Amino acid sequence: MHLVTDNPFSGLEAFVTENVPLARFTWYKIGGPARYLVQPRSIEELQEAARRCTETNIPIYVLGLGANLLVCDQGVDGAVFRLNEEFWRRIKFTGNLLEVGAGTDMQKLLLRTVREGKSGLECLAGIPGTIGGGIRMNCGGKFGDIGSVISTVTVMDSQGNIFVRTKDDLVFDYRRTNIVAPFILGATIELEDDHPDAIMSRTREIWMYKRNTQPLNTKNCGCIFKNPRGLSAGALIDQSGLKGLRVGGAEVSTKHANFIVAHKGCSSQDVLKLIKIIKERVYDKHQVVLESEVRIWPL
Ligand code: EPU
């Protein structure tokens, strides 16, 4: 038991800080602060902080690289967990089985697998994010998704109980999984042997496709909307004549219409207003309801 004080994280100050701006932890570089930022260095520290949240009813948010995230201007009145310390970024190869911590950067991991001559993660080329975030969203694209190579996922509930989910009970669909636990701690991934040059050339091809079709060198959060079944959100927005439409500092990308680019001075409110306008216009023109892919905090 911890001492009863006003601070729900009393005694955990080494890894819990208050009122921390989140913008710098996101690709958009916009949005307000977190009431608490929790950066545990071990499973025990994560368990203790999660239990404190549960005891005191503090909402839990888990941050990866913030690449698919829009934090609202008022920030998040809860505890934002960031699994970025060394323990969460571990990478271990045992033959063709790869064990990774949830905080591992997917692009760095992809390059390691290329060097080791292990194939399977090429479809992640050009997708920014951590393994934990990637699994949560079943990230990927037309070249495949991460779910197809996952062997096990270790998760934790808000009471600190840890479970290992295996391939036979995991479901990976388009941009979703059946994982409900709030924390993904790590995963094992099954890869195959191949020549590093062959893996690199497939990786480069996928990356070039993205570079040619997406506004990669801008501040964005990836695709804003999911593709409706059998349709392309980007094409629908484009056909609605919305490329280049601006609200404040937010603009529908002229390169790919399913991206909203944040220019200088852009606020999260600008992006939210533009999202609303896009949904309305696409519905008026095509009678299709677009569903957000980007995670918006607070929900
Ligand atoms: N298109 C247009 N106008 C546009 C954009 C696209 O007409 O402004 C057309 C393209 O010409 C193409 C079709 O729409 O015929 C599909 O476009 P694209 O090939 O760019 O793929 P996408 O479905 O828009 C998906 C993922 C991307 C992923 C790419 C490549 C979704 C919502 N998007 O894009 O994922 O990078 O495939 O694998 O599933 C993300 O999830 O954040 C993301 C960027």
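Biologist: What relative accessibility does Tyr209 have, and as what does this residue count?

Modeller: The model is predicted, so local features need pLDDT of at least 70 and side-chain atom pairs count only at pLDDT 80 or more, while totals for chains, interfaces and linings use all residues. Residues are numbered from 1 along each chain as its sequence is written, and side-chain values use heavy atoms, without hydrogens or water.

Tyr209 has 35% relative accessibility and counts as partly exposed (buried is under 20% relative accessible area, exposed over 50%, partly exposed in between; 1.4 Å probe, protein chains only).

Rings of Phe, Tyr and Trp (its six-membered ring) pair if their centres lie within 6.5 Å; planes under 30 degrees apart are stacked, over 60 edge-to-face, the rest tilted. In one of them, Tyr61 and Trp297 are tilted, with centres 5.0 Å apart and planes at 55°. Phe143, at 39% relative accessible area, is partly exposed. Because Phe143 lies in the loop between β9 (140-141) and β10 (144-145) and Tyr209 in helix α4 (residues 196-213), the pair ties together parts 66 residues apart in sequence. Helices (H or I, at least four residues) and strands (E, at least two) are DSSP runs, numbered from the N terminus.

Tyr209 is also among the closest of the 22 residues surrounding the ligand (a heavy atom within 4 Å). One of its polar side-chain atoms lies 2.3 Å from a ligand oxygen atom.

Conventions
A polar contact is a pair of N or O atoms within 3.5 Å; within protein, one must be able to donate a hydrogen and the other to accept it, and residues adjacent in sequence count only if both atoms are side-chain atoms.
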